[in-house]
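Here's a quick briefing to read alongside the protein model. Keep the 3D view open as you go.

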Amino acid sequence: MAKNSIYVCQSCGAVSGKWAGKCASCEEWNTLVEESKTQGGVGGGPKKKASGAGRTIKLEKLGAKGIEIPERLVTGLGELDRVTGGGFVPGSATLVGGEPGIGKSTLLLQTASTLANRGKTVVYLTGEEATSQIRLRAKRLGVMDAPVDLAAETNVTDILSTLRKTQQPPDLVIIDSIQTLWSDTLEAAPGTVSQVRACSQELIQFAKNCNTAIVIVGHVTKDGQIAGPKVVEHMVDTVLYFEGDSGHRYRILRAVKNRYGATDEIGVFEMRSAGLKEVPNPSELFLSERNSDSSGTVVFAGMEGTRPVLVEIQALVAPSHLATPRRAVVGWDQNRLSMILAVLDSHCALRFGTHDVYLNVAGGLKIVEPAADMAVAAALISSLSSVPCPAESVFFGEVSLTGAVRSVSHQGARLKESKKLGFKNAIMPKSKVKAGDKKSGNIRMIDHLTQLTAMLLTEGAG
Ligand code: TYD
Ligand code: MG
């Protein structure tokens, strides 16, 4: 038997001939698990002898007439449809990842019920909860009457044979979660790489053959990866992450891979006592509790995909008693903060060396755009000098290592959103502004951080 065993890393999926305490590939400890080679596991599977002549496959024309392009399943949850690129594509597989308790099951039950109410056939399969628990949740969400088919089942072979026997394959199948599924062709325990991979493979095969959209829930490990294998991410068409922290009511749905749409879109939801509610205008939500006349806070006019989102950036610069002062960041990149601090130090003669610096993006949003550089710089200057930033102003612009401020994309959209939310001033990079955008209030163009420093320190909250 020993000869037929292989060892599979549960973290990265690497295969090794012998056991070791540490995976040679991803360097994780205690992740190698013994699996049988002959059971169709990793590195196993049926091996047929090549028979020489293969079957002739039929080639099709890309633009052939009369070929229907399948219509997407529009869920009616606007924020979800935005992230998937306009609804689920029939025959596609979508992986929804997120930490436990973030609201994945809630989101998918709401999706299932809205689609079912629109006349689509939806099957919701859970391996995590009993059907009575799902009913309880449905009651809480007020969707008890939706004609969703429900089952608590974990055997993928039984699931697929049931689905194949239905008169017409369902439009949407929801699997909650992939880590609870197991296939009896494998000996490995549910949740192991081989099981997760084999079950996903079978589900995706079913989706492609029957033109059913499949949504698979995947748990996330503590370092933010979908538990076990990254392999599933490669296999599916779309990977969505549902994130947010338990201290906030907001939940953000983000596409990290999408074969049928853009990956930079986000959907914003609010967790209420009666389920998830869409937030069509996130800016209002992110700015709702803002206190504009204290120092160290500015409003950044950002973009999330095609949608402008205004967020508050807060900085606290305080004298430090430590030999190496602290630099703590929530919602932004630590290295980017170090860069901005260095630029302010060398080009604007602002000294942060003896200060602790804390930076926070309010509302739990994570910003990745370099366009936030100037807003961060403004918050830092304001906090260091205890001078509030000009009222009713938004900031955006990328800062280079020389201290120059560079223009960014979608400036018109940022200005428009700012005006819509009542911000009269925009502090932005020097660039050509279209006549239409000029009307968007009072625009101050800045081409170097020294100008920003001078403006903030001399004018203050004026
Ligand atoms: P759930 O969807 O079970 O999370 P996941 O499937 O990602 O593990 O959501 C659980 C959390 O959501 C739980 O902490 C309670 C909260 N919740 C509400 O606040 N309101 C609701 O209507 C529901 C159903 C859940
Ligand atoms: Mg769940």
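Which residues line the largest cavity? They are Arg72, Thr84, Gly87, Phe88, Val89, Ser92, Thr94, Thr238, Asn258 and Tyr260. Before going further, note that this is a predicted model, where local features need pLDDT of at least 70, side-chain atom pairs count only at pLDDT 80 or more, and totals for chains, interfaces and linings use all residues. Residues are numbered from 1 along each chain as its sequence is written, chains are lettered from A and ligands numbered from 1 in the order in which they are written, and side-chain values use heavy atoms, with hydrogens and water left out.

**The whole chain**

- The protein chain has twelve helices and 21 strands; helices (H or I, at least four residues) and strands (E, at least two) are DSSP runs, numbered from the N terminus.
- Along its principal axes, the C-alpha trace spans about 80 × 55 × 50 Å.
- Of the 462 residues, 48% are buried. Here buried means under 20% relative accessible area, exposed means over 50%, and partly exposed is in between, using a 1.4 Å probe and protein chains only.
- Take the contacts (heavy atoms within 4.5 Å) with a separation of 6 or more: 66% of them are between residues 24 or more positions apart.
- The chain is split into domain 1 (5–38), domain 2 (78–280) and domain 3 (285–459), with bounds that come from an automatic or database domain assignment.
- Between the C-alpha centres of domain 1 and domain 3 there are 47 Å.

**Empty space inside**

- Rolling a probe the size of a water molecule over the atoms shows where empty space is left.
- The search uses a 1 Å grid over the protein atoms alone: a cavity is a set of points where a 1.4 Å probe fits but cannot get out, a pocket is an open set with protein on both sides within 12 Å along at least five of seven lines, and lining residues have an atom within 4 Å of a point.
- Grid points are joined across faces, edges and corners, and a volume is the space filled by probe spheres set on the points.
- In the whole structure, one cavity of 30 Å³ or more turns up. The largest cavity holds about 40 Å³.
- Its lining has three nonpolar, six polar and one charged residues. For these classes, Ala, Val, Leu, Ile, Met, Phe, Trp, Tyr, Cys and Pro count as nonpolar, Asp, Glu, Lys and Arg as charged, and the others, Gly among them, as polar.

**The second largest pocket**

- This pocket has a volume of about 340 Å³. It is lined by 20 residues, and the closest to its centre are Gly103, Ser105, Thr106, Arg137 and Met271.
- H3 gives the most, with four residues.
- The lining comes out as six nonpolar, seven polar and seven charged residues.

**A closer look at helix H3**

- Ile134, Ala138 and Leu141 are the buried residues of H3. Looking down the helix axis, they fall within an arc of 60° (taken from the directions from the axis to the C-beta atoms), so they line one face of the helix.
- On the other side of H3, you'll find Leu136, Lys139 and Arg140 exposed.
- The cover over the buried residues of H3 includes H2, strand E5 (122–126), strand E6 (149–152) and strand E12 (275–278).

- Most residues other than glycine have a negative phi, and most peptide bonds are trans.
- Glu27 isn't a glycine, yet its phi is positive, about 65°. Glu27 sits in the loop between strand E2 (15–16) and strand E3 (32–36) and counts as exposed at 54% relative accessibility.
- His410 isn't a glycine either, and its phi is positive too, about 55°. With a relative accessible area of 45%, His410 is partly exposed.
- Asp176 and Ser177 are joined by a cis peptide bond, with omega about 5°.
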